[in-house]
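Visitor: I have a model open and some time to go through it. Can we look at a few spots together?

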Amino acid sequence: MVRIRVLVVDDHRIFAESLAAALAAEPDVDVSAAGSGPAALRCLERAVAEGRRFDVLLVDADLGTVAGAVPAQREPGAGPPPAGPDGIALVAGVRVAHPGVRTVVLAERDDPRRAALALQAGASGWVAKDCSLSRLLAVVRGVLREETHLPPALLTGVLRELTAARKHRTDSERLVESLTPREHEVLRCMVAGLGRKDVAARLFLSPHTVRTHMQNVLGKLGVHSTLAAVALARRAGVRPADLAGDVVERSGQLA
């Protein structure tokens, strides 16, 4: 019998242990539980080292958030949320570090926006916490067959969110394409978090010249701040400058 290795990740201990016990009663399921994102990542790494990788993660959508708090809203197309305790952030981290592991988000409530963000982060499913055990098992087995599972009531809302995200990305890509090669390199430095003086040192330019390039970047992107420019660049898929490995040409070649 092929066994399915499942890791339940939820900071509500009673829920995590109860769900793990229910799943463990299935003859083809081995299950463990973790109470936080860092603990889950340690479990995954340990399993890899021991040659017994997990197949599916069941992740609490509100992992690490304060009870009753409203999750931060993110702009459609902004990409995966930054690293942190949030369940969707954990999904994004697992996709990068353990691409063979399927993730399913367990949610207290239906939320098309967050479900769309979860799919963008790499989740294979979004399931209500109050669903039946048989439904959850069907989802677990389904995602291992490369299926994507969403509650029917969420489909229209999620498709609307994903369509909006694609439109934002397309519009952002068009604006980024209007930049000169030097402006694009300056934008990559901005995405990497460098200030004007650091950009000048990296690109062998004067701070005054970098200031001019940055102003041109903001103007062409139609934004009024560095933070807005960086958000737009991320939507367009602009990579941050590789501060360790990039070889930067002299300003006379790209200015």
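Guide: What follows is a walk through some residues, helices and strands of this predicted model.

Visitor: Start with Lys 129. Where is Lys 129 found?

Guide: Lys 129 is in the loop between β5 (125-128) and α5 (133-143).

Visitor: Is Lys 129 buried or exposed?

Guide: Lys 129 counts as buried because its relative accessible area is 16%, and the cut-off for buried is under 20%.

Visitor: Which side chain does the Lys 129 side chain make a polar contact with?

Guide: The partner is the side chain of Asp 60, at 3.3 Å.

Visitor: And which ring does Lys 129 lie over?

Guide: Lys 129 lies over the face of Phe 15, 4.5 Å from the ring centre. Both Asp 60 and Phe 15 are on the list of residues in contact with Lys 129 once neighbours within four places in sequence are left aside.

Visitor: What about Arg 5, which face does Arg 5 lie over?

Guide: Arg 5 lies over the face of Phe 54, with 4.2 Å to the ring centre.

Visitor: How many aromatic pairs are there?

Guide: The count of aromatic pairs is zero.

Visitor: Back to Arg 5, then. How many residues of β1 are buried?

Guide: Six of the six residues in β1 are buried. Arg 5, Leu 7 and Val 9 point one way from the strand, while Ile 4, Val 6 and Val 8 point the other way.

Visitor: In what sense do β1 and β2 pair?

Guide: β1 and β2 pair in the parallel sense, over six bridges. Within that pairing, Leu 7 stands opposite Ser 32 in β2.

Visitor: Now α5. Which of its residues are buried?

Guide: In α5 the buried residues are Leu 136, Leu 137, Val 139, Val 140, Gly 142 and Val 143.

Visitor: New topic, the cores. How many residues does the largest nonpolar core have?

Guide: The largest nonpolar core has 25 residues. Those with the most contacts inside it are Val 176, Leu 187, Met 190, Val 199, Leu 221 and Val 238. Two or more residues come from each of α7 (181-191), α8 (196-203), α9 (207-221) and α10 (226-235). Apart from this core lies another, of 17 residues, including Val 8, Val 127, Leu 137 and Val 140.

Visitor: What does Val 238 touch?

Guide: Not counting residues up to four places away in sequence, Val 238 touches Val 176, His 184, Leu 187, Arg 188, Val 191 and Ala 233.

Visitor: Last stop, α4. How many of its residues are buried?

Guide: Seven of the 10 residues in α4 (residues 112-121) are buried, among them Leu 117, Leu 119 and Ala 121.

Visitor: Why does Ala 121 count as buried?

Guide: Ala 121 counts as buried because its relative accessibility is 0%.

Visitor: And what is Ala 121 in contact with?

Guide: Beyond its neighbours within four places in sequence, Ala 121 is in contact with Ile 88, Val 91, Ala 92 and Arg 95. Ala 121 and Ile 88 are 33 residues apart along the chain, and their C-alpha atoms are separated by 6.8 Å.

Definitions and conventions. Residues numbered from 1 in each chain as written. Predicted model: local features only at pLDDT ≥ 70, side-chain atom pairs only at ≥ 80, totals over all residues. Heavy atoms only, no water. Helix = DSSP H or I, 4+ residues; strand = E, 2+ residues; numbered from the N terminus. Buried < 20%, exposed > 50% of the residue type's maximum accessible area, 1.4 Å probe, protein only. Polar contact = N/O pair within 3.5 Å; in protein donor to acceptor, adjacent residues only side chain to side chain. Contact = heavy atoms within 4.5 Å. Core = buried A, V, L, I, M, F, W, Y, C linked by side-chain atoms within 4.5 Å. Phe/Tyr/Trp six-rings, centres within 6.5 Å; stacked < 30°, edge-to-face > 60°. Lys NZ or Arg CZ within 6 Å of the ring centre and 35° of its normal. Pairing = 2+ DSSP bridges.
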